[in-house]
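Here are some friendly notes for anyone opening this structure for the first time. Please keep the view at hand as you read.

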Amino acid sequence: MNSQLFKNLVLWLVIFVAIIALYQLVHTPRTATLEIPYSEFLEYVDKGDVKELEFKGEQILGEFSSPVGESSETGFKTVGPASEDLLKTLEEKGVSFKFDANKEGSLTHILLNWAPLILLIVIMVFFMRQLQAGGTKAMSFGKNKARMLSENQNKITFKDVAGVDEAKEEVQEIVEFLKSPKKFTKVGGRIPKGILLVGPPGTGKTLLAKAIAGEAGVPFFIISGSDFVEMFVGVGASRVRDLFAQAKRHAPCIVFVDELDAVGRHRGAGLGGGHDEREQTLNQLLVEMDGFESNEGIIVMAATNRPDVLDPALLRPGRFDRQVVVPRPDVRGREEILKVHSRNTPLDSDVELTVIARSTPGFSGADLENLVNESALHAARQNRAKISMQDFEFAKDKVIMGVERKSMIISDAERKITAYHEAGHALVAKLTPGTDPIHKVTIIPRGMALGVTQQLPIEDRYTLSRTSLNGTIMVLLGGRAAEEIVFSERTSGAGNDLDRVTDIARRMVCEWGMSEKVGPVTFGKGEEQIFLGKEISKSKDYSEETAIEIDSEIRSIVTENYNKAKTTLEDNIDLLHKLAGMLLDKEVIDGKELEELVSSHKPQKDYPSPWQNPTTEGSVAFRSSNNSEDA
Ligand code: ADP
Ligand code: MG
Ligand code: ZN
């Protein structure tokens with residue numbers, strides 16, 4: 001609450017209290033402090049103790065001829081009818097009486113009686129106004145929060161979306177339809193009502209939806225799924241209703257629900273249980289989607305990166321029955337996206353976008369945009385007018401590995417251990433065929449890590465072979481192995497490595513069927529959704545014996561690779577010492593320098609390949625960029 005509002009409130013409260021007090025003061029006749037029952041009053045009249053009377057509606061104010069009882073006052077008050085009998089008696093007893101015209105029906109009386117209530121209402125109205133003016137909009141519950149981009153405001157077109165040609169092609173039809181709906185409806189064509197854009201975060205789903213509207217030149221309503229979900233039950237549903245009513249007035253148009261999973265998750269799931277707010281909102285969304293015909297010119301689009309958690313009802317025909325996948329860009333796509341985002345930035349002649357694209361596997365469109373931006377900032381900081389390759393290299397390291405922490409103070413002993421640890425990773429990677437080439441090794445602390453060994457694949461990989469997975473595990477364990485060989489000691493620095501090793505090994509056994517003993521079976525499905533409300537506990541679809549077998553297989557994969565990594569390093573111990581020394585010296589070593597070091601070194605004996613069994617069964621999707629970070 002802002003202070004201005006607070007002051008106003010206090011002021012109003014003071015006025016309110018003052019008026020009440022005043023009202024009370026005026027309202028109570030000072031002469032009539034003694035209240036007596038009507039029956040007693042009649043007795044007094046009979047006895048002739050009453051001198052004067054005034055009738056105010058039902059109220060009777062009077063005065064005794066002399067004080068009665070212990071009180072010294074003569075005034076009294078009672079409530080009762082001014083019956084004819086009473087009036088007769090009064091006349092007999094010679095009591096003077098009058099009727100007050102200014103009684104209950106009068107305007108001032110009403111005003112006085114209602115003053116507190118009126119005041120309260122005034123304050124309420126005032127308070128609401130304040131809240132709304134203050135931008136909190138606490139009272140605009142039912143109104144939808146959709147932003148409308150009219151056809152003139154939306155300048156995004158397909159030109160701005162790069163590297164997702166398949167997706168663009170798929171939605172081309174929608175653009176045609178929105179441009180001239182008649183052409184399609186005349187021949188009885190049925191255009192899908194709902195289109196679901198599916199893909200990882202930052203791949204341009206929101207961008208693509210906007211581009212469709214921009215291409216077709218129609219209004220675009222955008223609302224995020226989380227905007228529907230509110231504290232108050234029923235608000236989300238009314239927002240949906242409001243949104244669609246608005247959209248119908250602007251047809252043809254696009255309604256875009258971003259982050260659909262926020263409302264569209266499986267109903268009846270999660271800890272809340274029962275009919276919660278989200279469920280009502282989802283139901284309303286389904287009702288609205290069923291409620292209009294496709295020829296009305298409204299196309300509902302939605303985006304999600306978790307299609308697996310969506311309620312199946314959303315995906316039924318007539319709803320989001322068309323799915324368009326927006327994947328992470330491949331090498332060519334990344335180059336296109338880099339081109340789009342460096343359109344308005346001056347690039348130096350040495351910049352080769354192809355090279356940058358090749359060294360950024362797994363980057364999404366948003367990552368690449370960020371990369372260009374960081375490079376521009378770096379160039380600007382050094383007062384250069386053009387972005388050079390060196391800026392891109394700096395930005396890439398920052399994006400991938402985090403900011404350098406030059407100020408961090410590390411003891412010499414710790415630096416030495418880190419150097420051997422990273423040298424271990426790098427050397428195992430270098431000496432093991434089938435692993436990704438080393439891009440950079442550094443013992444400059446970055447982000448949470450004391451050192452980083454960065455590997456970059458030559459090309460994008462969509463499947464991983466068992467060989468390469470084993471290689472990855474070996475490289476990850478190389479750090480720990482080097483520590484153990486050189487210092488006969490184990491440090492906590494390898495914790496992150498071990499985490500990743502265990503994860504890969506577990507997936508090899510449980511998901512990708514790469515263990516002979518366990519066989520090509522998958523286990524523990526649905527574990528990933530534990531925190532998404534679908535499943536509360538891990539589903540364990542295997543027996544205790546299998547669990548033991550799985551554990552032993554995981555352990556044997558890890559141990560075997562650890563021993564191989566250790567042997568590799570022991571066989572090349574001179575090289576390890578040399579590399580670690582170089583790292584301590586220079587802090588950063590790139591792939592080329594490592595190559596030179598290794599090739600100039602003559603090994604004592606032929607290096608035996610650890611790969612006696614290069615099988616390639618088991619295909620898996622996996623992010624291919626690979627950094628070994630050490631906390
Ligand atoms: P999503 O909705 O899939 O999470 P966004 O559409 O919000 O991703 O993308 C965020 C930003 O990243 C966009 O504004 C755009 O600048 C950039 N971007 C993402 N994908 C692309 C792409 N394919 N082409 C060009 N720019 C992209
Ligand atoms: Mg988005
Ligand atoms: Zn490590």
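1. **Confidence.** Please bear in mind that this is a predicted model. The mean pLDDT of the chain is 79, and 81% of the residues reach 70 or more.

2. **The five-stranded sheet.** If you look for an open sheet with the strand order S1-S4-S3-S2-S5, you will find five strands with mixed pairing. Strand S1 (34–35) and strand S5 (96–99) are at its edges; each has a single partner strand, so one side of each has no neighbour in the sheet. As a reminder, the strands of a sheet pair through backbone hydrogen bonds, in either a parallel or an antiparallel way.

3. **A pair to look at in that sheet.** How do S3 and S4 run relative to each other, parallel or antiparallel? Strand S3 (residues 59–64) and strand S4 (residues 75–79) are antiparallel and are joined by five bridges. For a place to start, find Ile60, which has Thr78 of S4 opposite.

4. Which strands does helix H2 touch? Helix H2 (residues 38–47) packs on the sheet against strand S2 (50–56), S3 and S4, and its direction makes about 125 degrees with that of S4. Helix H3 (residues 84–93) lies across S2 and S5, at about 150 degrees to S2.

5. **H2 against H3.** These two helices also pack on each other, with their axes 10 Å apart and an angle of about 30 degrees between them. Angles under 35 degrees count as roughly parallel, and H2 and H3 are therefore roughly parallel to each other. On the H2 side the contact is made by Tyr38, Phe41, Leu42, Val45 and Asp46, and on the H3 side by Leu86, Thr89, Leu90 and Lys93. By class, the contact of H2 with H3 holds six nonpolar residues, one polar and two charged.

6. **The six-stranded sheet.** Another open sheet has six strands in the order S6-S8-S9-S10-S7-S11, again with mixed pairing. Strand S6 (147–149) and strand S11 (322–325) are the edge strands, each pairing on one side only. On average, neighbouring strands of this sheet are turned by 20 degrees against each other, direction ignored.

7. Helix H5 (residues 165–179) lies across strand S7 (194–198), S9, strand S10 (298–304) and S11, at about 135 degrees to S11.

8. **H16 against H19.** Helix H16 (residues 412–431) and helix H19 (residues 544–571) pack at about 90 degrees, with their axes 10 Å apart. That angle makes H16 roughly perpendicular to H19. Gly424, Leu427, Val428 and Leu431 of H16 meet Ala565, Thr568 and Leu569 of H19. This contact of H16 with H19 has five nonpolar and two polar residues, and no charged ones.

Conventions: Residues are numbered from 1 along each chain as its sequence is written. Chains are lettered from A and ligands numbered from 1 in the order in which they are written. This is a predicted model: local features need pLDDT of at least 70, side-chain atom pairs count only at pLDDT 80 or more; totals for chains, interfaces and linings use all residues. Side-chain values use heavy atoms; hydrogens and water are left out. Two strands pair if DSSP finds at least two bridges between them. Helices (H or I, at least four residues) and strands (E, at least two) are DSSP runs, numbered from the N terminus. Contact means heavy atoms within 4.5 Å. Axes are lines fitted to C-alpha atoms, for helices over the stretch in contact, and angles run from 0 to 180 degrees between N-to-C directions. pLDDT is the predictor's confidence in each residue, from 0 to 100. Angles under 35 degrees count as roughly parallel, over 145 as roughly antiparallel, 65 to 115 as roughly perpendicular and the rest as oblique. Ala, Val, Leu, Ile, Met, Phe, Trp, Tyr, Cys and Pro count as nonpolar, Asp, Glu, Lys and Arg as charged, and the others, Gly among them, as polar.
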